[in-house]
Amino acid sequence: HHDAWVNGAEDPVSGTGPLMEEMRALGALLKQGWKPKRTIIYCAWDGEEPGLLGSTEWAEEHAVELERKAAVYINSDSNGRGFLEVAGSHTLEKFINGVARDIEDPEAKVTVWKRLQARRLAGAAEGRAAERQAADRQEARTRADLRIGALGSGSDYTAFLDHLGIASVNLGFDDEDDGGIYHSIYDDFYWYTHFSDTDFAYGRVLAQTAGTSVIRLADAELLPLDFDNFTDTLRRYIDEVQKLARDKREQTVERNRQIDEGVFAQVDDPRHPRTIPARETVPPFLNFAPLENGFAALLRTAKAYDEALAHASENGGDGLARASLREVNARLIAIERAMTLKEGLPNRDWFKHQIYAPGFYTGYGVKTLPAVRESIEQKDWKLAEEEIARVGKVLENTGEAIEGATAELLRAAR
């Protein structure tokens with residue numbers, strides 16, 4: 001975006017400058033004869049700070065065309081100095097890892113992927129238990145791809161991902177600046193060129209990272225969406241909401257027991273008395289079978305797509321090179337759409353995506369499986385049961401969408 005609260009050197013110009021550099025570079029390629037295989041639209045939004053106004057109005061105005069044609073939305077906001085920060089749709093996790101492996105970090109002189117891996121090894125899950133830290137480090141060393149975060153809100157990807165269900169990713173570099181100037185009059189050119197990315201080296205790297213992503217997506221015969229990392233991440237989300245429900249029940253049982261035993265009354269300080277909590281109804285055991293069944297169906301179709309892609313890629317990808325992949329790509333685009341529901345989330349129907357959303361009470365912060373997670377957090381057990389069934393059906397729909405792409409891929413590569 002190009003609007004700022006005050007001077008806006010970091011937020012947003014540090015992200016808008018690299019965007020313009022990408023456009024300049026692509027213009028040079030066009031003059032040399034390059035023509036992208038897909039339409040590329042560059043946008044510099046207005047009205048982001050007061051409420052994502054420009055991007056939201058544009059996305060809503062062009063919703064029908066975007067739902068039919070838009071493959072991926074790439075977003076950048078502020079940019080600083082340090083480590084790659086990436087979050088987005090996990091169908092793009094493998095793709096963005098591949099890009100990061102090909103971009104050199106200007107300070108460490110290794111790839112930005114390698115430097116991010118080193119960062120995670122050095123500071124894995126600070127504050128977590130030692131065994132969890134060890135597991136995080138082991139994963140950073142052995143997992144083929146570094147995990148990316150999930151997107152909530154707070155920048156212009158919101159309408160594209162949360163409302164329209166377009167696979168999205170947010171890119172930037174940060175974590176070596178002292179900060180302290182966010183949304184203030186001090187966020188100016190002097191501060192940025194003395195205390196942040198002083199020589200604009202990371203502005204160049206952001207342009208390289210996002211620009212490489214754009215070119216690879218625009219020229220890919222087959223859209224590089226991956227469902228292994230997506231299902232791996234989704235498994236974690238399902239485990240988290242099941243643990244959340246168990247914890248809520250166990251906490252309530254223990255608190256009720258302490259009330260019955262007089263624990264709160266016995267430890268109360270008579271000079272500073274506190275209200276003793278009232279007993280609560282013990283939460284029911286929730287039936288997560290619809291979520292598990294939906295996930296199982298999704299996992300099967302994801303594996304079938306992998307097998308079809310491997311078959312089509314045999315002999316150096318000769319089958320893919322000969323095939324007409326327009327219909328396959330159209331079905332791949334539709335997969336993220338299948339993760340949405342027309343009626344949206346409880347109490348906020350504009351937010352359609354059922355895997356990612358900003359929390360109702362957390363501002364920008366993401367809630368994954370938001371309808372299920374937040375109904376459990378709010379102890380609305382009836383709603384939780386209903387949302388488990390609805391989201392389970394969404395997972396089935398997503399699996400069916402992948403199945404459709406698989407069938408088209410097999411047909412095209414014959």
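Predicted model: local features only at pLDDT ≥ 70, side-chain atom pairs only at ≥ 80, totals over all residues.
1. The largest pocket holds about 1400 Å³ of space, and its lining is made up of 46 residues, with Arg38, Thr39, Ile40, Ala71 and Val72 lying nearest the centre. Two or more lining residues come from each of helix H1 (9-31), helix H4 (63-69), strand E1 (73-76), helix H10 (201-219) and helix H15 (326-337), and H1 gives the largest share, 6 residues. By residue class, the lining of this pocket divides into 28 nonpolar, 8 polar and 10 charged residues.

2. The count of aromatic pairs comes to 11. One of them joins Trp45 and Trp58 in a tilted arrangement, 5.6 Å from centre to centre and with 55° between the planes; the pair links Trp45, in the loop between H1 and helix H2 (48-51), to Trp58 in helix H3 (residues 53-61), 13 residues apart. Trp45 counts as buried, at 7% relative accessibility, whereas Trp58 is partly exposed at 25%.

3. The rings of Phe227 and Tyr305 form an edge-to-face pair, because their planes stand at 80°, with the centres 5.3 Å apart. Phe227 lies in the loop between H10 and helix H11 (228-260) and Tyr305 in helix H13 (residues 289-312), so this pair ties together parts that are 78 residues apart in sequence. Phe227 is buried, with a relative accessible area of 1%, and Tyr305 is likewise buried at 1% relative accessibility.

4. Trp45 and Trp58 also belong to one aromatic cluster with Tyr73 and Phe160.

5. Charged groups sit over aromatic rings as well: the charged end of Arg101 is 4.3 Å from the centre of the Trp113 ring, and Arg348 lies over the face of Phe351, at 5.3 Å from the ring centre.

Note on methods. Residues numbered from 1 in each chain as written. Heavy atoms only, no water. 1 Å grid on protein atoms, 1.4 Å probe; cavity = no way out; pocket = protein on both sides within 12 Å on 5 of 7 lines; lining within 4 Å. Points joined across faces, edges and corners; volume = space filled by probe spheres on them. Helix = DSSP H or I, 4+ residues; strand = E, 2+ residues; numbered from the N terminus. Nonpolar A, V, L, I, M, F, W, Y, C, P; charged D, E, K, R; others polar. Phe/Tyr/Trp six-rings, centres within 6.5 Å; stacked < 30°, edge-to-face > 60°. Buried < 20%, exposed > 50% of the residue type's maximum accessible area, 1.4 Å probe, protein only. Lys NZ or Arg CZ within 6 Å of the ring centre and 35° of its normal.
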